Amino acid sequence: MKTIIKTHAFLNDVRKVFAQKTIIIAVATCFAVVAFSCSKEDEITNASETEIASKKGGPFNAVYLQEDQMGRPAVNTVFVSSDSKDLFNVTVPSEQNGLFQSMFQNNLEALSPAYANPGDTNALGLDAATFTGLLATDVLNVSLDGVTTFFDGTNVLTGRALADDVITVELLLIFGGEDFSENPTLSNDNVDANDKAFLSDFPYLASPW
Amino acid sequence: MKRFRQIFGISLLLGAGLFIIAADHIDAPEVQGGTSDITDFYVFQGKNTDNMVFVANLQGLLSPNATANASFDENVMIEFNIDTNGDNVEDLVIQAIKKDDKMIFVGPVAPSQTGLVSTLEASNFGNDVSKVEITPYGSPAIIGTSRDGMSFFAGPRDDPFFMDFAQYSAIISGNATGFNNPGSDTFAGTNVLSVVVEVPKTMIGGSGTINTWVESKRKQ
């Protein structure tokens, strides 16, 4: 709880500091514009510098503060308790395991109590501590060397393709037991594909309805 | 696991508070339903297998009627983060932000600072910056390309996510004991705002495994 309060206070401080910094940068940018208009550079240079200044006045000199993030599908939704969801979204991935792994494990064992049995694992051979240790760092692992899929029966966590049935995979890993055979009515939502065909070419996603 | 089956009903009730909506759609109070709400994230090998494709979806559950009026927020940066050395800290970022009727793209580039606070990494203003016109609702996809082999898209798309979320909610509320077969896709017929970037693998590490995640960051 202390950590949560501290983090919120920290974020507020960051917001204040950067609000001030933005003003300073804006003032500095104004000086730059004045300097260029007084210089004897040729018109072409002036024009390009004006363009640069206008870009600086736009989004380029601003400071952006994180609001949401996502790695693997449904992780925050499923494993993070309600009062921690916003904090999870503003915790850098390298710190997520330390802050959230025990919460993930508690929530997994509440959801699928068999995981509380010593030695109980899912079909990947991961027990509750190992499985939640993997999930708590919410990044998507992606292979640059071949098949990219969340899980296709052979390859595990090498990316996430549009057609991957990620919810059924996650339900199986949560409820399906050691061989995906347990709790069959909870382990598959029986929606196995998108409602519109994906494209074979960029941008790959189907046109909107 | 078997001897615990009988208490699933109870455990699911206890777990009800854990579930709001998937995959990341409307996942947390601060961002729920807003312009920075990330609904989904995909990374996969492109049709050209020398390339990877990054997809960020925002503002989910748009009905067709609501889609024409949905727009990206000029104050919200979408940032793809790429860790190439396994420490879960970003070594490269690809940034996207709306400016007028275009989406501006920067990167992949090493960020000047990692973490929760970012600036647009266009250090040589004009260099490393690509743009694509945001595809209006109802128009064919407008695709931008860069000389170094990247492709860009921004605009409304069908939500590629699928799940029987309604039945799931019924289960965790104690009103059902399992999924139906066949199930019903709660996200059928709904749209999202998508940002799609295709990038040569050589620009993001070349080979091996990368760790990736997407962030939305608001202008302060």
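How much accessible surface does chain B have, and what percentage of that surface belongs to carbon and sulfur atoms? The accessible surface of chain B comes to about 8400 Å², and carbon and sulfur atoms account for 48% of that area. The model is predicted, and the predictor assigns the complex an ipTM of 0.88 and a pTM of 0.82.

**Chain B**

Chain B contains 3 helices and 11 strands. Their order along the sequence is α-β-β-α-β-β-β-β-β-β-β-α-β-β. Further values for chain B are tabulated here.

| Property of chain B | Value |
|---|---|
| Buried residues | 56% of 220 residues |
| Contacts joining residues at least 24 apart, among those between residues at least 6 apart in sequence | 59% |
| Average pLDDT | 88 |
| Residues with pLDDT of at least 70 | 86% |

Residues 1-21 of chain B have a pLDDT below 50, and beyond near neighbours in sequence this stretch makes 59 contacts in the model. Where pLDDT is low, predicted coordinates should not be read in detail.

**Helix H6 of chain A**

Helix H6 of chain A spans residues 128-136, and its buried residues are Ala128(A), Phe131(A), Thr132(A), Leu135(A) and Ala136(A). Viewed down the axis of H6(A), these buried residues fall within an arc of 125 degrees, so they line one face of the helix.

Key:
Residues numbered from 1 in each chain as written. Chains lettered and ligands numbered in written order. Predicted model: local features only at pLDDT ≥ 70, side-chain atom pairs only at ≥ 80, totals over all residues. Heavy atoms only, no water. Helix = DSSP H or I, 4+ residues; strand = E, 2+ residues; numbered from the N terminus. Buried < 20%, exposed > 50% of the residue type's maximum accessible area, 1.4 Å probe, protein only. Contact = heavy atoms within 4.5 Å. Areas by Shrake-Rupley, 256 points an atom, 1.4 Å probe, with all protein chains shown as cover. Arc of directions from axis to C-beta. pLDDT = per-residue confidence, 0-100.
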